[in-house]
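Subject: Structure for your review

Hello,

The structure I promised is below. My notes on it follow, so please read them with the coordinates open.

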Amino acid sequence: MDIGDKVADLTGTDETGAPLRLAELLEKGPLVVFFYPAAMTRGCTKESCHFRDLAGEFDAVGASIVGVSADQVEKQARFSEKHSLNFPLISDPDRTIAEAFGVRRRHGPNKRSTFVLAADGTLLSRIDSELAMDRHADAALAALRAARP
């Protein structure tokens, strides 16, 4: 996806086993979608917890957060519970959502990438960094603040 592209209405399964549509999340306002390689790993835990810790700041700009990985629902549930994550985690084991966003690798886990979407689904910003875990939430928040009128 490139800046200005619109995201398709994709559906996944959240950590509770319920279906979750990106369009429904976008109805609430801007959305941050972050892809992480694997739940329960050190880097992905650091990244996810940083999003959790900044949840109040994302709320203040009217944005929601959703994490996506290829992990099964059960692992996503354990990950969310263990770290008190306060946002949905989508299980994308066939990597359909990752493919749509262009972060699916041919071999190995998905790329670590974050997408900031306006309420109409238009891509405002993309953050790519495999090693700077805190950069994703910080840059997403900066992009949301810059986009505010």
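Is E47 buried or exposed? E47 is buried, because its relative accessible area is 0%, where buried means under 20% relative accessible area, exposed over 50% and partly exposed in between (1.4 Å probe, protein chains only).

Please note that this is a predicted model, in which local features need pLDDT of at least 70 and side-chain atom pairs count only at pLDDT 80 or more, while totals for chains, interfaces and linings use all residues. Residues are numbered from 1 along each chain as its sequence is written, and side-chain values use heavy atoms, with hydrogens and water left out.

Helix α2

Helices (H or I, at least four residues) and strands (E, at least two) are DSSP runs, numbered from the N terminus. Helix α2 covers residues 42-53, twelve residues in total, and reaches 16 Å from its first C-alpha to its last. That is close to the 16 Å expected at 1.5 Å a residue, the expected span being 1.5 Å times one less than the number of residues. Its buried residues are G43, C44, T45, E47, S48, C49, H50 and F51. They pack against β3 (31-35), α3 (55-60), β4 (64-69), α4 (73-83), β6 (113-117) and α6 (133-147), with contact meaning heavy atoms within 4.5 Å.

Salt bridges

The whole structure has eight salt bridges, each a side-chain nitrogen of Lys or Arg within 4 Å of a carboxyl oxygen of Asp or Glu. One of them joins E47 and R112, with the closest N and O atoms 2.7 Å apart. This pair links distant parts of the chain, 65 residues apart: E47 lies in helix α2 and R112 in the loop between α5 (96-101) and β6. R112 also counts as buried, at 6% relative accessibility.

Another salt bridge is formed by R145 and E57 (2.7 Å, N to O). Here helix α6 supplies R145 and helix α3 supplies E57, 88 residues apart. R145 is partly exposed at 43%, and E57 is partly exposed at 33%.

K75 and D71 meet in a salt bridge of 3.5 Å, N to O. K75 is partly exposed at 27% relative accessibility, whereas D71 is buried at 10%.

S69

The side chain of D71 also makes a polar contact of 2.7 Å with that of S69. A polar contact is a pair of N or O atoms within 3.5 Å; within protein, one must be able to donate a hydrogen and the other to accept it, and residues adjacent in sequence count only if both atoms are side-chain atoms. S69 is in strand β4 and is buried, with a relative accessible area of 0%.

Regards
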